[in-house]
Amino acid sequence: MGTLHNIDDAYAWSISRIAEAFRIDRRTVSARLKTARVEPAGIRKGHPTYHLSDIGPALFGEVITGEDNPTQDPALMLPQDLKAWYQAQREKLKLETELKDLIPSDDVARAMAELVKAVVNPLDSLVDELESKVGLSGSALERVQIIIDQVRENMYLNAIRGGMDPEDEDDD
């Protein structure tokens, strides 16, 4: 060990010295210091040094992962972390699309349109069918037409609301 000119130098260690002292890989030390956002206390021989008081919690403190991690909030991320986070989110969406866990909105809209056509087209001709083939009276046909109109209106409203109940809309 070299000569100390300042007592604080004894408590400011490089990544190599930290890794050697705690028998941890240098890459792990670097990653944990970066994750904990520990700033270098100084520079010695061209390498950053870190205070032991900052190193301990970063290396041996509670590791926060997943949703509990405040660094997962894009508003709190450093620019390079933010870019990586957005790239990861885009890759996640691509994977979910490939696995068919995520369906593009155009495909959903197309499928819903086909479903509506399959229901509405027969409803349009139902009154004529009931009149010509069953021989329903005029008042009965008017009642059937009113019910068909109500069904079509409900289908339209459900499509607009995305299937939500009217009571659920008031909670927003």
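**A. Arginine 152 and aspartate 124 form a salt bridge, with 2.5 Å between the closest N and O atoms.** This pair connects distant parts of the chain, since arginine 152 belongs to helix H6 (residues 138-161) and aspartate 124 to helix H5, 28 residues apart. A salt bridge here is a side-chain nitrogen of Lys or Arg within 4 Å of a carboxyl oxygen of Asp or Glu. Welcome to a predicted model, in which local features need pLDDT of at least 70, side-chain atom pairs count only at pLDDT 80 or more, and totals for chains, interfaces and linings use all residues. Residues are numbered from 1 along each chain as its sequence is written, and side-chain values use heavy atoms, with hydrogens and water left out. Arginine 152 is partly exposed at 35% relative accessible area, and aspartate 124 is partly exposed too, at 43%. In these legends, buried means under 20% relative accessible area, exposed means over 50%, and partly exposed lies in between (1.4 Å probe, protein chains only).

The whole chain has seven helices and three strands. Both kinds of element are DSSP runs numbered from the N terminus: helices are H or I runs of at least four residues, and strands are E runs of at least two. Starting at the N terminus, the order is β-α-α-β-β-α-α-α-α-α. Of the 172 residues in the chain, 14% are buried. Contact means heavy atoms within 4.5 Å. Among contacts between residues at least 6 apart in sequence, 42% join residues at least 24 apart. The accessible surface of the chain is about 13500 Å², and carbon and sulfur atoms account for 54% of that. Accessible areas come from the Shrake-Rupley method with a 1.4 Å probe, and for residues only the protein chains shown count as cover.

**C. Helix H1 (residues 15-22) has Ile15, Ile18 and Ala19 as buried residues.** These residues lie on the same side of H1, because they cover an arc of only 95 degrees around the axis. That arc is taken from the directions from the helix axis to the C-beta atoms. The cover over the buried residues of H1 includes strand E1 (12-14), helix H2 (26-35), strand E3 (47-51) and helix H3 (52-60).

**D. Twelve residues make up the largest nonpolar core, among them Trp13, Ile18, Val29, Tyr50 and Leu59.** H1, H2 and H3 are the elements that give two or more residues to this core. A second, separate core has six residues, including Leu123, Val127, Leu141 and Ile148. Such a core is a set of buried Ala, Val, Leu, Ile, Met, Phe, Trp, Tyr and Cys residues joined through side-chain atoms within 4.5 Å. Apart from neighbours within four places in sequence, leucine 59 is in contact with Ile18, Phe22, Ile24, Val29 and Arg32.

**E. Threonine 49 sits in strand E3.** Is threonine 49 buried or exposed? With a relative accessible area of 4%, threonine 49 is buried. Setting aside residues up to four places away in sequence, threonine 49 touches Ala12, Trp13, Ser14, Pro40, Ala41, Gly42, Ile43 and Arg44.

Arginine 23 and its positive phi of about 55 degrees, although it is not a glycine. Arginine 23 follows H1 and lies in the loop between H1 and H2. Arginine 23 is exposed, at 79% relative accessibility. For arginine 37, also not a glycine, phi is positive and near 55 degrees. Arginine 37 is found in the loop between H2 and strand E2 (42-44), and arginine 37 is partly exposed at 34% relative accessible area.

**G. Lysine 133 and glutamate 129 form a salt bridge, with 3.3 Å between the closest N and O atoms.** Side chains of opposite charge can pair when their charged atoms come close. Lysine 133 and glutamate 129 are about one helical turn apart, because four residues separate them in helix H5. Lysine 133 is exposed at 66% relative accessibility, while glutamate 129 is partly exposed at 35%. Lysine 94 and glutamate 91 also meet in a salt bridge (3.6 Å, N to O). In helix H4 (residues 79-98), lysine 94 and glutamate 91 are three residues apart, so about one helical turn separates them. The structure holds five salt bridges.
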